[in-house]
Amino acid sequence: MTAHDRPHATANVSLARRAWNIRRTALRMGAVQGQGYIGQALGIADVLAAAYFHALEYRPEDPEWEGRDRFLLSIGHYAIALYAALMEAGILPEEELDTYGMDDSRMPMSGMASYTPGMEITGGSLGHGLGVAVGMALGLKRKKNPAFVYNLMSDGELGEGSTWEAAMGAAHHRLDNLVCLIDFNNQQADGPSTEMLCAEPLKEKWEAFGWRCQRVDGNDLPAVAAALDAARAATEPKPRAIIFDTRMCKGVPFLEDREIMHFVRVEADEWAKALAVLEEGRPE
Ligand SMILES: [Mg+2]
């Protein structure tokens, strides 16, 4: 069975609509709390749609199925985006949307593995996801499990030494079942990533570390899906990286223009406005 044979993946819903649904669900969750890392969620929605509805193997009714591809959210603060994708995938029930960020919720504001089905690791201590992914990929190989491990990380994590230690380890162990997805929105907590600690030339850097690397527009869905396909189909005994250049707040132009992007301030009356603007761009 391939990803394309699964009922939920072939429900005649376009990837564009999946991405739009993820954006809408994330905005609805943001509205519940009046806050959230919504800029990141809107920016990464296309990558999540292509991952969950084109690339990944999983069983929505059995999130811990041993044969599943593991999707690690190194960036725990992007949890709002992953919850939206997990709801779209049928792993989390949409009825729980209104509990986002509440004390008894299964959806805390930062990703925690013990709370949420489909959340593979507790992220948010940045720079650690890739190291965990290396261990998981190595473990799967030793168990002869053909599943892939995907690690979604941010460009800010490129400034962490642990990321590059893990990158060396992955190449050393020839982890061709590991795909590192980098959300390059050129923004981290203190400002533009390229001004904080520039990691360019980034594609060449990953290649020099022994990885197969692609760089694509992370808001161009066909390009994202093709890159995920190529990463999976490659035959070299190397780990694979994909750098996705994304635009924060994508899909809601008045938010895209905000000056402070890391934690976008959305006023109380703007959540409904953002949902209305998104609605205008609703795909088939
Ligand atoms: Mg960033």
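A nonpolar core is a set of buried Ala, Val, Leu, Ile, Met, Phe, Trp, Tyr and Cys residues joined through C-beta atoms within 7 Å. A residue counts as buried if 20 or more other C-beta atoms, placed from the backbone, lie within 10 Å of its own. The model shown is predicted: local features need pLDDT of at least 70 and side-chain atom pairs pLDDT 80 or more, while totals for chains, interfaces and linings use all residues. Residues are numbered from 1 along each chain as its sequence is written.

**View 1. The largest nonpolar core contains 90 residues.** Ala 41, Ile 80, Ala 81 and Tyr 83 touch the most other members. Helix α2, residues 38-55, supplies the largest share, 13 residues. Helices (H or I, at least four residues) and strands (E, at least two) are DSSP runs, numbered from the N terminus.

**View 2. The surroundings of Ala 81.** Leaving aside residues up to four places away in sequence, Ala 81 touches Ala 26, Gln 40, Ala 41, Ile 44, Ala 45 and Leu 48. Such a contact requires C-beta atoms, placed from the backbone, within 7 Å.

**View 3. The chain has ten helices and five strands.** Its radius of gyration, taken over C-alpha atoms, is 18 Å, close to the 19 Å of the globule rule for 284 residues, so the chain is as compact as a globular protein of that length. That rule is 2.2 Å times the number of residues to the power 0.38. Buried residues make up 49% of the chain.

Conventions: Buried ≥ 20, exposed ≤ 12 C-beta atoms within 10 Å, placed from the backbone. Contact = placed C-beta atoms within 7 Å.
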